[in-house]
Amino acid sequence: MDRTELRALVQEKLGSRSRRLGLDGTALKDDFDLVRSGLLDSLGFVDLITDLEGAFGRQVELEKAFDRAGATTLGGVLDLFLNGR
Amino acid sequence: MAKSDNFDPYEVFRRSVERYGDLPALRIGDRTWTYAELDAHAASIAGWCDRNAPSGSRIAVHGRKELAAYAGILGILRSGRSYVPLHPDHPRARWQVVLESSGAAACVADPSSTRALGDLVDRPVLSNWDGERPADVRQGSEAYVMFTSGSTGGPKGVPISRSNVSAYLEHMLTHHRFTTGDRFTQLFALTFDLSVHDLFVCWGSGGCLCVPGEDSALRISSYIASNGITVWFSVPSAVALLRRMRALVPGAFPGLKHSFFCGEALSWDLAHAWSEAAPNSAITNLYGPTEATIAITSFDVRAAMAHASGTVPLGGPIGTNEVQVSGDEGSSEGELWLAGPQVAQGYLGAAEATSRAFIHLPGDDAVWYRTGDRVRKDGEGILHFLGRLDDQVKVLGHRVEPAEVDFALAPLVPNGTVLTLATTLNGTTRLVTFIDTMMDTAPLVARLQEVLPPYMIPERIIAVDGFPTTGHGKVDRNALFKIADNG
């Protein structure tokens with residue numbers, strides 16, 4: 001899965017919630033913070049990551065992953081799965 | 001002086017200042033303040049309060065977890081005044097309701113939050129107390145006002161007296177063995193009355209209050225480890241989050257000595273998992289509405305762990321508080337009523353709501369608070385939570401009246417009816433709002449964000465062409481839940 005495909009997958013998973021907030025999911029930039037924006041709360045964010053783990057067929061070290069700057073941004077989520085960061 | 005006055009919240013802090021002045025009292029990020037340093041800040045803020053607000057008045061505190069909030073709360077209490085917290089993430093319209101309802105005469109905020117308050121506050125605002133003349137300690141009667149969700153449209157203010165808090169602190173500080181080496185969590189928002197436990201149980205013990213940074217919910221394990229946390233207090237949802245993050249593993253938190261849970265039902269399943277993750281910790285389940293000051297019943301979880309399943313009991317009343325189950329004659333099930341030194345006298349400026357919830361019984365001087373919680377009292381006097389008698393729900397530990405969401409939306413749906421229901425998604429309670437007329441729902445969320453706290457924003461708003469009804473003509477809630485499930 002490349003970055004474009006993963007972005008599309010994340011946006012699909014965020015779909016109804018993005019629309020709920022009046023956001024155009026396809027226009028979300030990499031620095032958009034999924035938690036601080038109010039789009040997801042902590043539980044919702046963890047659910048998103050575990051959903052993506054299922055799609056990728058591998059687990060990430062969640063707490064370690066969340067302990068880096070920008071972890072809850074859209075770009076941070078993409079990096080987590082594509083670059084292992 | 002009544003016995004419990006010795007446990008006045010400012011008094012317990014002041015005693016620790018005298019005994020342990022050089023020990024750490026507060027840690028925020030990498031910064032630490034000793035008891036003596038924190039007291040000096042509080043004394044200066046108290047001096048500012050004396051010069052800018054009437055004696056005995058209420059003073060708002062912007063609840064961003066910075067030194068200003070903690071020293072502000074202490075300074076306000078030191079000055080004999082009462083504090084009214086504002087949640088940093090709540091919309092300005094909510095702040096306005098809180099400020100106006102409470103009649104707060106001034107506000108304490110850190111410099112960055114002063115800008116956020118902007119023109120909302122036409123009262124004196126303190127953000128820098130350098131050079132303020134310190135004030136002596138003054139007695140006060142009210143400790144704080146906290147606001148809870150109200151079913152008739154707006155939040156309800158609950159004034160809590162210093163003697164209410166004293167009764168709670170007397171129990172906690174004499175019943176549990178905390179030490180000056182203990183390091184306490186501060187996970188609760190300052191607008192949640194469970195934060196009063198965080199602050200004053202810690203400071204009454206001479207321990208250090210460890211304030212987590214932003215987004216800390218996702219980094220709880222490292223927060224516990226890096227701060228050397230020994231006393232944990234959270235809603236059970238925080239443990240559920242840890243489990244979902246695969247961090248709730250046996251032996252994960254060996255340094256914890258005391259764990260307290262409150263704010264929502266604790267399942268035995270989670271309690272078992274926590275007991276293994278924190279094998280050296282006592283575990284206490286607490287229960288109590290804001291109206292009864294922090295928590296009014298307590299249950300020792302480990303003592304009953306062997307054969308338990310379902311939901312952890314609420315336990316029995318703490319201190320000299322009283323409980324009774326009001327139901328059919330001879331029945332052990334019914335509504336839980338509370339009385340005693342922790343029970344408030346009523347709501348702020350809401351006589352009707354007060355008279356419904358706070359009642360007097362014939363031949364009894366006590367004020368009994370009707371909780372709306374349905375409970376069962378077993379043969380040993382232990383209370384078990386069965387559910388609510390009304391629609392109130394808990395969302396991540398926050399008390400929510402779904403009708404308050406409906407009230408906020410109603411003006412935007414002039415030709416329809418709004419109905420907010422609670423449902424469980426992925427094991428978590430969430431709100432779903434239904435509207436019985438077809439319309440674009442996106443603008444509605446934007447409106448709600450202007451007036452309601454984030455946890456009250458529904459997970460979804462679903463427009464349907466008329467509500468389904470039961471054979472008796474009532475709204476068929478099960479059919480609505482199915483629509484939500486399929487949507």
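Predicted model: local features only at pLDDT ≥ 70, side-chain atom pairs only at ≥ 80, totals over all residues.
Residues are numbered from 1 along each chain as its sequence is written, chains are lettered from A and ligands numbered from 1 in the order in which they are written, and side-chain values use heavy atoms, with hydrogens and water left out.

**View 1. Chain A is built from 4 helices and 0 strands.** Along the sequence, the pattern reads α-α-α-α; helices (H or I, at least four residues) and strands (E, at least two) are DSSP runs, numbered from the N terminus. Of the 85 residues of chain A, 52% count as buried, that is, under 20% relative accessible area, with exposed over 50% and partly exposed in between (1.4 Å probe, protein chains only). Among contacts (heavy atoms within 4.5 Å) in chain A between residues at least 6 apart in sequence, 54% join residues at least 24 apart.

**View 2. The interface joins 22 residues of chain A to 24 residues of chain B.** About 2,000 Å² is buried between chain A and chain B, and carbon and sulfur atoms give 49% of this area. Buried area is the accessible area (1.4 Å probe) that two parts lose on being put together, summed over both. Across the interface of chain A and chain B, the rule finds 10 residue pairs in polar contact, both at pLDDT 80 or more. A polar contact is a pair of N or O atoms within 3.5 Å; within protein, one must be able to donate a hydrogen and the other to accept it, and residues adjacent in sequence count only if both atoms are side-chain atoms.

**View 3. D67(A) and R219(B) meet through their side chains in a salt bridge (3.4 Å, N to O).** The rule finds 4 salt bridges across the interface of chain A and chain B, each a side-chain nitrogen of Lys or Arg within 4 Å of a carboxyl oxygen of Asp or Glu. On the side of chain A that touches chain B, two or more residues come from each of α1 (3-20), α2 (42-56) and α3 (62-66) of chain A. The largest share, 8 residues, belongs to α2(A).

**View 4. Q392(B) lies in the loop between β20 (383-388) and β21 (393-395) of chain B.** Q392(B) counts as buried because its relative accessibility is 9%. The side chain of Q392(B) makes a polar contact with the side chain of E401(B) (3.2 Å). Not counting residues up to four places away in sequence, Q392(B) touches R399(B), V400(B), E401(B) and P402(B).
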